[in-house]
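Visitor: Hi, I'm new to this one. Could you walk me through it?
Guide: Happy to, let's look at it together.

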Amino acid sequence: MSLNSVLLTGGTGSLGASILAQLLSKGHSVTAVIRSLKKSAPFLTKQYASQVDSGKLKLVEVPDMTVLNAFDDLVKTVDAIIHVATPLADSNFKTTVIDPTLAINESLFAASLKAPSVKRIIITGSIVSTMALPDTLFQPTTVSADDLSTITLEQGIPSLPAAYQYAKPSSEKKAWEFIKTTKPSFDLVVLLAPSITGKCI
């Protein structure tokens, strides 16, 4: 499968910045979706001046990725989507973390259905999709692709860690349901990272 052009969300975050660097180093064309050009473009255009000048890196501002048609024009010419961006907040966790996590996925899927060029969507999930933390953190546990956390919405509302633990498995479950019922021309990969450490490059 040839995946030469990529739409990347979250390219200024700790994980996304590393993915962006790897994609560009391997010669891929990247459309990086960022929330604020004013905030992020000066650094990125300096860091990747040659790629910006050559058109290998395009920076596109999408302040609200939850808008249903936010990605429609952006995915028309890409082969793959790597969705790394994760909503985080310090209050009102259902409306600021849980609902947006689901909405961004839906927006990406809806746009990709209209874009025959898209062959693969890769979503960054988390190991919390398979287990409840911290209860199972230090227990011998075997998980499979069929395991999903049973955390409830009520349990996910009180705090950011809880909201994150609810949003990740809920959005993943809906994503696989979408693939099963819609049978799109693209495939889906969900990567469940157990831990991400280090500074943003």
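Predicted model: local features only at pLDDT ≥ 70, side-chain atom pairs only at ≥ 80, totals over all residues.

Visitor: Let's start with a helix. Which residues of H2 are buried?
Guide: Helix H2 covers residues 37-47, and Ser40, Ala41 and Leu44 are buried there. Looking down the axis of H2, these buried residues fall within an arc of 105°, so they line one face of the helix.

Visitor: And what's on the other side of H2?
Guide: There you find Lys38, Lys39, Pro42 and Lys46, which are exposed.

Visitor: What do the buried residues of H2 pack against?
Guide: They pack against helix H1 (14-25), strand S2 (29-34), helix H3 (49-54) and strand S3.

Visitor: Nice. Now H4: how far apart are its end C-alpha atoms?
Guide: They are 29 Å apart. H4 has 21 residues, and at 1.5 Å a residue these should span 30 Å, so the two values agree.

Visitor: Where does H4 bend?
Guide: At Pro100, by about 35°.

Visitor: Is Asn92 buried or exposed?
Guide: Exposed, because its relative accessible area is 55%, and anything over 50% counts as exposed.

Visitor: Which other non-glycine residue has a positive phi?
Guide: Lys183 is one, with phi near 50°. Lys183 sits in the loop between helix H6 (160-182) and strand S6 (187-193). Lys183 is exposed too, with a relative accessible area of 65%.

Visitor: Changing topic: how many salt bridges does the structure hold?
Guide: Five. One of them joins Lys76 and Asp73, with the closest N and O atoms 3.2 Å apart. Asp73 is exposed, at 57% relative accessibility.

Visitor: What about the salt bridge between Lys119 and Asp79?
Guide: Their side chains meet at 3.2 Å, N to O. Lys119 lies in the loop between H4 and strand S5 (120-126), while Asp79 lies in the loop between strand S3 (57-61) and S4, so the pair ties together parts that are 40 residues apart in sequence.

Visitor: How exposed are those two?
Guide: Lys119 is partly exposed, with a relative accessible area of 31%. Asp79 counts as buried, because its relative accessibility is 12% and the cut-off for buried is under 20%.

Visitor: Which residue does Asp187 form a salt bridge with?
Guide: Arg120, and the closest N and O atoms are 2.9 Å apart. This pair links distant parts of the chain, with Asp187 in strand S6 and Arg120 in strand S5, 67 residues apart. Asp187 is partly exposed at 26% relative accessible area, and Arg120 is partly exposed at 24%.

Visitor: Let's go to H6. What can you tell me about Lys168 there?
Guide: Lys168 has its place in helix H6. Lys168 is buried yet has no salt bridge. The nearest side chain of opposite charge belongs to Glu172, 8.8 Å away.

Visitor: What does Lys168 touch, then?
Guide: Leaving out residues up to four places away in sequence, Lys168 touches Thr86, Thr124, Gly125, Ser126, Val128 and Ser129.

Visitor: And Ser171, is that buried or exposed?
Guide: Buried, at 7% relative accessibility. Ser171 is also found in helix H6.

Visitor: Which residues does Ser171 touch?
Guide: Thr101, Leu102 and Asn105, again not counting residues up to four places away in sequence. Ser171 and Ala103 are 68 residues apart in sequence, and their C-alpha atoms are 8.8 Å apart in space.

Visitor: One last stop. Where is Asp146?
Guide: Asp146 is in the loop between S5 and helix H5 (153-156). Asp146 counts as exposed, at 71% relative accessibility.

Visitor: How far is Asp146 from Ile98?
Guide: Their C-alpha atoms are separated by 22 Å, and the two residues are 48 residues apart along the chain.

Terms used:
Residues numbered from 1 in each chain as written. Heavy atoms only, no water. Buried < 20%, exposed > 50% of the residue type's maximum accessible area, 1.4 Å probe, protein only. Helix = DSSP H or I, 4+ residues; strand = E, 2+ residues; numbered from the N terminus. Expected span 1.5 Å × (residues − 1). Bend = angle between axes of the 7 residues up to and from the residue. Salt bridge = Lys/Arg side-chain N within 4 Å of Asp/Glu carboxyl O. Arc of directions from axis to C-beta. Contact = heavy atoms within 4.5 Å. Lys, Arg positive; Asp, Glu negative; His and termini not counted.
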